[in-house]
Amino acid sequence: MELNSLTHLTNNIPWQRLTTAYGRGTDIPQLIQTGQYEELANLIEHQSTLWQTTPWVLLILLQELSKQKPEQVSLQEIQLYMAVASAINVDEMDSQNAVETMNELLDEKYLWPEDEEDDELWWEEEEPRGYEQEAFFSYFSYSYLLLKDAIPVFTAIMEENDKLAPAIQELLLMLQSEGERAVE
């Protein structure tokens, strides 16, 4: 792992102002650096919902995944991608509007305040900040695009790592639309 680029990218994301299934994303950089994939999966996907942190965690993990040797990849990491993919309805990915760029999701209007004191009140709002329809759909849309872009990486790992092949095969199927599955 190239710690410098990883640290740089991780440090440029306002994790403490993005939410997970269990609060703020403050612990995510540490979880990424220590490879705690199961814990990360619980934070970025919960009950078929993706969170503000999801596309950013995927961005970082998938960049690092492309640099790993296939035998270094763990089943827990692949299961994290499967958890996210299972929350995505591939056939609906074109039907709604996402924000124009992923970086837009870090605009002030979507970020939670620095102070966590009023988080419970924020969650009680009908549409908590960062969960307006366009932003919420964007967490799914960009997560899907990141996973889809990583298909060549997943395929290369699958071809070199027999232990992970069944899980990756399942993941690749999850990333196909009904139409793509019907063709096979």
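View 1. Helix H4 (residues 54-65) has twelve residues that, at 1.5 Å a residue, should span 16 Å, and its end C-alpha atoms are 16 Å apart, which agrees; the expected span is 1.5 Å times one less than the number of residues. The model shown here is predicted, so that local features need pLDDT of at least 70 and side-chain atom pairs count only at pLDDT 80 or more, whereas totals for chains, interfaces and linings use all residues. Residues are numbered from 1 along each chain as its sequence is written, and side-chain values use heavy atoms, with hydrogens and water left out. Helices (H or I, at least four residues) and strands (E, at least two) are DSSP runs, numbered from the N terminus. Eleven of the twelve residues of H4 are buried, so the helix is largely enclosed by the rest of the structure; buried means under 20% relative accessible area, exposed over 50%, and partly exposed in between (1.4 Å probe, protein chains only). Among the buried residues of H4 are Trp56, Ile60 and Glu64.

**View 2. Helix H3 against helix H4.** Two packed helices are described by the angle between their axes and the distance between the axes. The axes of helix H3 (residues 37-44) and H4 come within 9 Å and cross at roughly 150°, where axes are lines fitted to C-alpha atoms, for helices over the stretch in contact, and angles run from 0 to 180 degrees between N-to-C directions. That angle makes H3 roughly antiparallel to H4, given that angles under 35 degrees count as roughly parallel, over 145 as roughly antiparallel, 65 to 115 as roughly perpendicular and the rest as oblique. Tyr37, Leu40 and Ile44 in H3 meet Thr54, Val57 and Leu61 in H4, contact meaning heavy atoms within 4.5 Å. By class, this contact of H3 with H4 has five nonpolar residues, one polar and no charged; Ala, Val, Leu, Ile, Met, Phe, Trp, Tyr, Cys and Pro count as nonpolar, Asp, Glu, Lys and Arg as charged, and the others, Gly among them, as polar.

**View 3. Helix H5 against helix H7.** Helix H5 (residues 75-87) and H7 pack with their axes 10 Å apart, at an angle of about 130°, which makes H5 oblique to H7. From H5, the residues Tyr81, Val84, Ala85 and Ala87 meet Phe140, Ser143 and Leu147 of H7, and the contact comprises six nonpolar residues, one polar and no charged.

**View 4. Helix H7 against helix H8.** The axes of helix H7 (residues 133-149) and helix H8 (residues 151-160) come within 4 Å and cross at roughly 45°, which makes H7 oblique to H8. Leu147, Lys148 and Asp149 of H7 make the contact with Ile151, Pro152 and Phe154 of H8, and these residues divide into four nonpolar, no polar and two charged.

View 5. Serine 177, in the loop between helix H9 (165-174) and helix H10 (178-183), counts as buried at 18% relative accessibility, and touches Val90 and Asp91 when residues up to four places away in sequence are not counted. Aspartate 27, in the loop between strand E2 (23-24) and helix H2 (28-33), counts as exposed at 56% relative accessibility. Glutamate 160, found in helix H8, counts as exposed at 59% relative accessibility.
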